[in-house]
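Have the structure open as you read, and take the points in order.

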Amino acid sequence: MADSLTLDPVDLEILRLLQNDARTTYRDLAAAVGVAPSTCLDRVSRLRRGGVILGHALRLDPAKLGRSLEALLSVQVRPHRRELIGPFVERVRALPESLSLFHLTGPDDYLVHVAVVDAADLQRLVLDEFTSHKEVARVETRLIFQQWSCGPLLPPGAAAT
């Protein structure tokens, strides 16, 4: 882990608190970890510069946006070559239904998390945006009944409180 940053217990607590609520003010964050607000700001800035904090994301409810059915698509790309996978990745990332995309080892090359209107919309997506492309050898679909966020993510050996 040559790229890792040395984190002390205060840093770890800052990360835990921000992962639970990224909108926490520096004043509240500083009070919770027992440092001055300016010290807290310096620590968060160091964590950003060091690449530990990558950004702040807004989470949306797909169902409230008319996309109440979520699924995981396992996709095989054949042949698995750079000149094919680059355009495949960009095309999938550009789909409004795509929530996340993972490049995998094993029998499937990609796992795509999608949100669609209904089963007919999922069928359209699979047929029109995936299997209609010659490099896509296979798509396997799994519906998501429920999902949970986990965490907070901390370095190995750091206890979550």
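1. Let's begin with open space: the largest pocket holds about 1300 Å³. Please keep in mind throughout that this is a predicted model. The largest pocket is lined by 29 residues, and those closest to its centre are Leu 18, Gln 19, Val 52, Gly 55 and Leu 153. By residue type, its lining has 18 nonpolar, seven polar and four charged members.

2. The second largest pocket has a volume of about 340 Å³. Around it you will find Leu 58, Arg 59, Leu 60, Asp 61 and Pro 62, together with Glu 70, Leu 99, Ser 100, His 113, Gln 147, Trp 148 and Ser 149. Here the lining splits into five nonpolar, four polar and three charged residues.

3. On to the annotation. UniProt, in an unreviewed entry, lists residues 7-68 as "domain: HTH asnC-type". In the model, that span is 53% helix and 0% strand, and its end C-alpha atoms are 40 Å apart.

4. How do helices H2 and H3 cross? Their axes come within 8 Å, at roughly 100°, with H2 covering residues 26-33 and H3 covering residues 37-49. Because angles of 65 to 115 degrees count as roughly perpendicular, H2 is described as roughly perpendicular to H3. From H2, the contact uses Tyr 26, Arg 27, Leu 29 and Ala 30, while H3 brings Pro 37, Cys 40, Leu 41, Val 44 and Arg 48. Seven of these contact residues are nonpolar, two are charged and none is polar.

5. H3 has another partner to look at. Helix H1 (residues 9-20) packs against H3 at an angle of about 80°, and the two axes are 11 Å apart. H1 and H3 are therefore roughly perpendicular to each other as well. On the H1 side the contact is made by Val 10, Asp 11, Ile 14, Leu 15 and Leu 18; on the H3 side, by Cys 40, Arg 43, Val 44, Arg 46 and Leu 47. This contact counts seven nonpolar and three charged residues, with no polar ones.

6. Finally, please check two prolines. Arg 78 and Pro 79 are joined by a cis peptide bond, with omega about -10°; Pro 79 sits in the loop between strand S1 (69-77) and helix H4 (82-94). The peptide bond from Gly 151 to Pro 152 is also cis, with omega near 10°, and Pro 152 lies in the segment after strand S4 (136-144).

Note on methods:
Residues numbered from 1 in each chain as written. Predicted model: local features only at pLDDT ≥ 70, side-chain atom pairs only at ≥ 80, totals over all residues. Heavy atoms only, no water. UniProt positions renumbered as here; feature names shortened; annotations may be inferred. Helix = DSSP H or I, 4+ residues; strand = E, 2+ residues; numbered from the N terminus. Axes fitted to C-alpha atoms, helices over the stretch in contact; angles between N-to-C directions. Parallel < 35°, antiparallel > 145°, perpendicular 65-115°, else oblique. Contact = heavy atoms within 4.5 Å. Nonpolar A, V, L, I, M, F, W, Y, C, P; charged D, E, K, R; others polar. 1 Å grid on protein atoms, 1.4 Å probe; cavity = no way out; pocket = protein on both sides within 12 Å on 5 of 7 lines; lining within 4 Å. Points joined across faces, edges and corners; volume = space filled by probe spheres on them.
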